[in-house]
Amino acid sequence: MMYYINVLYFFSFLGFCLESNVYKINNSNRHSGIFYGPITMVYGFGILAIVLLKKYFLDKLQCHKFLKLFITFLTCWITLTIIEWLGGNILYQLFHINMWNYTKKPFNCGKYICLELSLIWGFLGTIYLYCAKDFFDKIISLIPQKLTIAILIINLIDTLLVFINKLP
């Protein structure tokens, strides 16, 4: 269980760092995520979902390597697109905030998903599962249990503060 909590928060932190740097490069005053702390949960939930799908679905596939690679890509593409769509809709429904808006992008499906980024998520998810997961698992295994519990408690407090201060 601690592994999955660490995956969630580790990649939520990395996602926050990624988006924050993109915003700085683009000279944007935007902020990554809704939390006060340095996490953007959509990234953590995305990686967590594909890690679980790998364990319970993809690892059990008995097929040609190329077909398995293609199924992995489709699984990542669809899963991460659904998570992005859910994340955008949940944030809007709860807080009336649009953290991202793809209506100006070609092949968009409303505000929260577009074909261009969905394909990128599918590609990056596949690269993660095939090339980077073992590396990141080694890093995640080094996180002490006490630190995991502390991060969980801090995030629960952060979540409570978000609901108190940001609900309309």
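Q: Where do I start, and which secondary structure does the protein chain have?
A: Start with the element count. The protein chain of this predicted model has five helices and zero strands. Read along the sequence, the pattern is α-α-α-α-α.

Q: How many of the 168 residues count as buried?
A: Burial is judged by relative accessible area, and the cut-off is under 20%. In this protein chain, 39% of the 168 residues count as buried.

Q: What do the contacts say about sequence separation?
A: Take the contacts with a separation of 6 or more. Residues 24 or more positions apart account for 68% of them.

Q: How do I read a helix pair, and at what angle do helix 1 and helix 2 cross?
A: Take the axes, then the angle, then the hand. The axes of helix 1 and helix 2 (residues 41–56) come within 6 Å and cross at roughly 135°. That angle makes helix 1 oblique to helix 2, because angles over 145 would be needed for roughly antiparallel. The crossing is right-handed.

Q: Which residues make that contact?
A: On the helix 1 side they include Tyr3, Val7, Phe11, Gly15 and Leu18. On the helix 2 side they include Gly44, Ile47, Leu48, Val51 and Lys55. The residues of this contact divide into 14 nonpolar, three polar and two charged.

Q: Is the crossing of helix 1 and helix 5 left-handed or right-handed?
A: Left-handed. The axes of helix 1 (residues 2–25) and helix 5 (residues 145–166) come within 10 Å and cross at roughly 55°. Helix 1 is therefore oblique to helix 5.

Q: What residues meet there?
A: Helix 1 brings Met2, Ile5, Asn6 and Tyr9. Helix 5 brings Gln145, Thr148, Ile149, Ile151, Leu152 and Asn155. Six of the contact residues are nonpolar, four are polar and no residue is charged.

Q: Now single residues. Is Ile34 buried or exposed?
A: Read location, burial and partners together. Ile34 is found in the loop between helix 1 and helix 2. Its relative accessible area is 7%, so Ile34 is buried. Beyond its neighbours within four places in sequence, Ile34 is in contact with Leu91, Phe95, Ile97, Met99, Val162 and Lys166. Ile34 and Lys166 are 132 residues apart along the chain, yet their C-alpha atoms are separated by 8.7 Å.

Q: Where is Ile140, and which residues does it contact?
A: Ile140 is in helix 4. At 2% relative accessibility, Ile140 counts as buried. Leaving aside neighbours within four places, Ile140 is in contact with Tyr3, Asn6, Val7, Phe10 and Phe11. Compare sequence with space for another pair: Ile140 and Leu115 are 25 residues apart in sequence and 31 Å apart, C-alpha to C-alpha.

Q: Is Ser118 buried or exposed?
A: Ser118 has a relative accessible area of 4%, so Ser118 is buried. Ser118 is found in helix 4 (residues 115–141). With its neighbours within four places left aside, the contacts of Ser118 are Trp77, Thr81 and Ile113.

Definitions and conventions. Residues numbered from 1 in each chain as written. Predicted model: local features only at pLDDT ≥ 70, side-chain atom pairs only at ≥ 80, totals over all residues. Heavy atoms only, no water. Axes fitted to C-alpha atoms, helices over the stretch in contact; angles between N-to-C directions. Helix = DSSP H or I, 4+ residues; strand = E, 2+ residues; numbered from the N terminus. Parallel < 35°, antiparallel > 145°, perpendicular 65-115°, else oblique. Left-handed = near helix turned anticlockwise from the far one by under 90°. Contact = heavy atoms within 4.5 Å. Nonpolar A, V, L, I, M, F, W, Y, C, P; charged D, E, K, R; others polar. Buried < 20%, exposed > 50% of the residue type's maximum accessible area, 1.4 Å probe, protein only.
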